[in-house]
There are 2 protein chains.
Amino acid sequence: MTNNTQVRLARRPHGLPTDDVWEITTEPAPEPAEGEFVLRTEYVSLDPAMRGWMNEGRSYIPPVGIGEVMRAGVVGQVVASRNEQFPEGAHVVATTGAQEYALSDGKGVQVVSADAAPLSTYLGTLGMTGLTAYFGMLDVGQVKAGETVVVSGAAGATGSVAGQIAKIKGCRVIGIAGGEDKCRTVVEELGFDACLDYKSGDLKAGLRREAPDRINVYFDNVGGEVLNTVLPGMAMRGRVVLCGAISQYNADGGLTGPSNYMSLLVNRARMEGFVVFDYADRYGEALQEMAGWLADGSLQSRETVVEGGIRAFPQTLLRLFRGENVGKLVLKV
Amino acid sequence: MTNNTQVRLARRPHGLPTDDVWEITTEPAPEPAEGEFVLRTEYVSLDPAMRGWMNEGRSYIPPVGIGEVMRAGVVGQVVASRNEQFPEGAHVVATTGAQEYALSDGKGVQVVSADAAPLSTYLGTLGMTGLTAYFGMLDVGQVKAGETVVVSGAAGATGSVAGQIAKIKGCRVIGIAGGEDKCRTVVEELGFDACLDYKSGDLKAGLRREAPDRINVYFDNVGGEVLNTVLPGMAMRGRVVLCGAISQYNADGGLTGPSNYMSLLVNRARMEGFVVFDYADRYGEALQEMAGWLADGSLQSRETVVEGGIRAFPQTLLRLFRGENVGKLVLKV
């Protein structure tokens, strides 16, 4: 009999999700009933949004319950099947959580091709983060050729793709990232026009220098002081795309509000939130276009793959909040 | 020879514009050259935005210079003219500032009818504040029949009109105002469905009670803690119309940012600023529609007229920031 090791939420974190908020459990791997299949998890997605799912209270999806397996997107392989749409051996993307094996009836599960792209890419550029970048930049941000675009979290899974999409659309793109190495990657490997290291140097002065004609679109993944510093530089009718606020998710006393928000009034600008799930009926067209960009080399996919098995999930999540990843952070099980 | 008493900005205020930031000067009233005319000021407009004009630095219009006559909208009567478009005796609306007499070449000046409406109305409901309410609610807010709308500063010049316009369009309208008397006026005289006194009682609980199906449009005149309290109650695809932030204009240490801004993401909502000047080419259609609403009684115009002459300008401006006015605050010269 095969064991299934699982990472469960034991209590709600205050601040960073330290080891004591998790419980590692082991139970027998499941068996499929008629219409079901079992997948063996190969890669687990690590996402900033996970921190929000761990909190109680209303959000865009219900919180993970205490005692439940932690919600996570995964790539897995079907190892036992009584559902002909998901035959044994097939690779699938699912949201079956931080565990080694999972039972599924196929709802919300997609079969993916191991030949078309490395499997982990389906959690990143050809997965939720890529889709988030795509709809955030094009649908909410409405970027147009010739505009100046700023992306924070530029080395991260979503930011790295969002900035490249703006480049493909003919924009001048300035990244913001933490650290010299990340900034170098963003410019030299991902093709951004510039990248500002918010940890060293004067971000405000850097933005003035790199965006002398002001900022048409700001794609914000980090919130906090970076958002506040960018706001006064918005151009007339500029768009701030609220994608995330990773700098704030572990703040115990509530978020810091952007005190420069009245720049939106002066500049007739808007700040708008979105949730990628709302675009589910357009995932297909987006993935097709992005696969084309990957194939012709105009889009680079970056991943940080951590080896270590499912028990490494809690520590790997902390790496995300320390900003140690370039591109999508995934855990290999 | 006639004297012209003027209120000039002597220094930039920190916090509230106290008496010492002003200088009262007297000079001979001007004489018109060819193409010019002289108006005698009858009413001076008092506006929250004036506080911003007194600060140094970039905004949607340049600041008032030190030593200059304070910028203000006025209604006046032409008393001497060498411009046939503005004959002696005509009443006009102009932005000639806080002074008893002004010289004009007619640029940006409109002739108005003393028979069609009380003259002071042209500074309020049929002036910039009415236009601000109109375009903010309809163009930025995009209100639709059946929606729930919240308006802060509901007893003020802009808020009182904004809420009534939403009522005309078939919305449920909840005002927020400071004090029991103002709230009573807002409901009983202006026809709002409810009004919450932010000074007494629990605003959050009040909003939950009065807007159980959440808030589709929030028209914000005050900013600060009120904005922050409203944000979590926004409905899916809600719109926050940034019209002003009167609670913050005299804050010496910079504005307070809305720490609940990520409600925009969760609710796929947007927060958008606007400046009424951008709609100049549509003023005519808006004023015509609002004059119709005034005539048929669906729109009530409220004014607080202070008698006292031009020297009372500094003290009257402070009344605005103390929230002592209902409707448009004007000074009779």
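Modeller: Just after H3(B), Gly170(B) takes a positive phi of about 90°; helices are DSSP runs of H or I with at least four residues, and strands are runs of E with at least two, both numbered from the N terminus. The model is a predicted one, in which local features need pLDDT of at least 70 and side-chain atom pairs count only at pLDDT 80 or more, whereas totals for chains, interfaces and linings use all residues. Residues are numbered from 1 along each chain as its sequence is written, while chains are lettered from A and ligands numbered from 1 in the order in which they are written.

Biologist: Why is Val149(A) called buried?

Modeller: A residue is buried if 20 or more other C-beta atoms, placed from the backbone, lie within 10 Å of its own, exposed if 12 or fewer do, and partly exposed in between. Val149(A) has 29 such atoms within 10 Å and is therefore buried. This residue lies in strand E8 (residues 148-152) of chain A, and its C-alpha is 7.2 Å from that of Ala166(A), 17 residues away in sequence.

Biologist: What makes H3(B) largely enclosed by the rest of the structure?

Modeller: Ten of its twelve residues are buried, so H3(B) counts as largely enclosed. Those buried residues, among them Val161(B) and Ile165(B), pack against H2, strand E8 (148-152), strand E9 (172-177), E11 and E15 of chain B. H3(B) reaches 17 Å from its first C-alpha to its last, close to the 16 Å expected, the expected span being 1.5 Å times one less than the number of residues.

Biologist: Why is helix H2 of chain B called mostly covered?

Modeller: In H2(B) (residues 128-140), eleven of the 13 residues are buried, including Leu131(B), Tyr134(B) and Phe135(B). Their packing partners in chain B include helix H3 (157-168) and helix H8 (283-296), and after H2(B) comes Gln142(B), with a positive phi near 50°.

Biologist: How do you know which axis relates the two copies?

Modeller: Superposed by least squares on the C-alpha atoms of residues with pLDDT of at least 70 in both, chain B is laid on chain A with an RMSD of 0.0 Å by a turn of 180° and a shift of 0.0 Å along the axis. The copies are thus related as by a two-fold rotation axis. Gly257(B) comes closest to that axis among the residues of chain B, its C-alpha lying at 2.0 Å.

Conventions: Contact = placed C-beta atoms within 7 Å.
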